[in-house]
Amino acid sequence: MTDTVSREPSAPPAETPRAGVDLADARVVHTRHWWRWTIGAVIVFALAQFAWSLVTNENYEWDVFAHYFFSEPVVRGVLITLWLTLLSTVIGFTLGTVLALGRLSKSPLLSSAAWAYIWFFRSVPLVVQLVVWYNLGYLYPTLGLGWPFTDDFWIVEFSTTTLISQWAAAVLGLSLHQAAYSAEIIRGGLLSVDQGQIEAASALGIPAGKRLFRIVLPQAMRSIVPNATNEVIGLVKGASVVFVIALPELFYAVQVIYNRNSAVIPLLLVAVVWYAIVTTVLSIAQFYIERHYARGAVRVLPPTPLQRARRWIGVQWNRLGDDETKLGGVR
């Protein structure tokens, strides 16, 4: 009787690397993104076609555009637009912060009053608000301080039509309208902060003011800044609505000029380019503000455009040096 010995199948012997194989000689096959290249080619073609039409189409009247781009009425309109935007942004976001804190207040009266303000000014169109403020003298010919519930202004009295000029009506309308939207943006940013950090700060005995300005707001700004910048950019363009009360901002100034010389397209292009310049500057400011408040949230801050340019130049310079070294070795 013979004994059978069971043997497990042995593993195949490991392949030994062939001697003399240089991995540097291996060919690298890059992934081909055909759809990406196709869509990119279509976009480049469309841009080239549009650029060609800008040069060849005489209806753009670039000589008229160049003549009026830095003209006195247009530059004055740009300055008025910038001033309206600055004043309305400061007043609107300051009042919006108060309204946001009111919405978050535990007092039913403050919370309800803030909600009612936001509801009303978001319900009424901006152009209607501007016209109402400009014509407030029809409702209240005089304003002042005196006995309550009477028209006896014995302390101080003003004529409403004198007090609320075109400038005052524009700033009031834009600021109060902006405050309603800013309040919701700021409230959303405050609610985005982890509640545990606020509770921890309260447990450490940190005063409410320091909790707000040193702990909550710096973190809330990460979500507030993008939306707030959108609102400011919208306010720059929304300031054109004040033409209904004949305030000579940029769009009104352009309208007056093309109503006289009938050069509608070149003058509208003047306004478009000026708005694009202001919007570009605000977008650049948004990038640096977001980068500032990103500290502590990301390990490495996103590079600035200047840093990207330096990095690209360095890479190209090193690549050029490597190519020259290879050529020297071949020779």
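## Opening question

Which helix gives the most to the nonpolar patch? Helix 3 (residues 72–103) does, with seven residues. The rest of this report places that helix in its surroundings.

This is a predicted model, in which local features need pLDDT of at least 70, side-chain atom pairs count only at pLDDT 80 or more, and totals for chains, interfaces and linings use all residues. Residues are numbered from 1 along each chain as its sequence is written, and side-chain values use heavy atoms, leaving out hydrogens and water.

## Overall layout

The protein has twelve helices and two strands. Helices (H or I, at least four residues) and strands (E, at least two) are DSSP runs, numbered from the N terminus. Along the sequence, the pattern reads α-α-α-α-α-β-β-α-α-α-α-α-α-α.

The protein has 331 residues, and 28% of them are buried. Buried means under 20% relative accessible area, exposed means over 50%, and partly exposed lies in between (1.4 Å probe, protein chains only). The accessible surface comes to about 23,400 Å². Carbon and sulfur atoms account for 65% of that surface. Accessible areas come from the Shrake-Rupley method with a 1.4 Å probe; for residues, only the protein chains shown count as cover.

Contacts (heavy atoms within 4.5 Å) also say something about the fold. Take the contacts with a separation of 6 or more: 69% of them join residues 24 or more positions apart.

## The nonpolar patch

The patch covers about 720 Å² of surface. Its members are L79, L82, W83, L86, L87, V90, I91 and W167. Patches are made of residues with over 30% relative accessible area and no salt bridge; like charges are joined within 9 Å, and nonpolar side chains (Val, Leu, Ile, Met, Phe, Trp, Tyr) within 5 Å.

V90 is one of the patch residues, and its place is in helix 3. V90 has a relative accessible area of 47%, so it is partly exposed.

Helix 2 spans residues 62–69, and its buried residues are V64, F65 and F69. Seen down the helix axis, these buried residues fall within an arc of 130°, so they line one face of helix 2. The arc is that of the directions from the helix axis to the C-beta atoms. The face turned away from the buried side carries the exposed residues D63, A66 and H67.

What covers the buried face? Among the elements covering the buried residues of helix 2 are helix 3 and helix 11 (264–293).

## A buried histidine

H177 lies in helix 7 (residues 166–191). Is H177 buried or exposed? H177 is buried, because its relative accessible area is 15%.

H177 touches F121, V124, L126 and Q129, not counting residues up to four places away in sequence. With Q129 there is also a polar contact between the two side chains, at 3.2 Å. A polar contact is a pair of N or O atoms within 3.5 Å; within protein, one must be able to donate a hydrogen and the other to accept it, and residues adjacent in sequence count only if both atoms are side-chain atoms.

## Salt bridges

Side chains of opposite charge can pair when their charged atoms come close. A salt bridge is a side-chain nitrogen of Lys or Arg within 4 Å of a carboxyl oxygen of Asp or Glu. By this rule, there are three salt bridges. One joins the side chains of R76 and E72, at 3.3 Å from N to O. R76 and E72 both lie in helix 3, four residues apart, about one turn of the helix. R76 is partly exposed at 40%, whereas E72 is exposed at 60% relative accessible area.

E184 forms a salt bridge with R103, with the closest N and O atoms 3.1 Å apart. E184 lies in helix 7 and R103 in helix 3, so the pair ties together parts that are 81 residues apart in sequence. E184 also forms a salt bridge with R187, with the closest N and O atoms 3.0 Å apart. E184 and R187 are three residues apart in helix 7, about one helical turn. Shared partners join R103, E184 and R187 into one network.

## Two positive phi values

Most residues other than glycine have a negative phi. E61 is not a glycine, yet its phi is positive, about 50°. E61 sits in the loop between helix 1 (34–56) and helix 2. A246 also has a positive phi, near 60°. A246 is found in the loop between helix 9 (208–238) and helix 10 (250–261).
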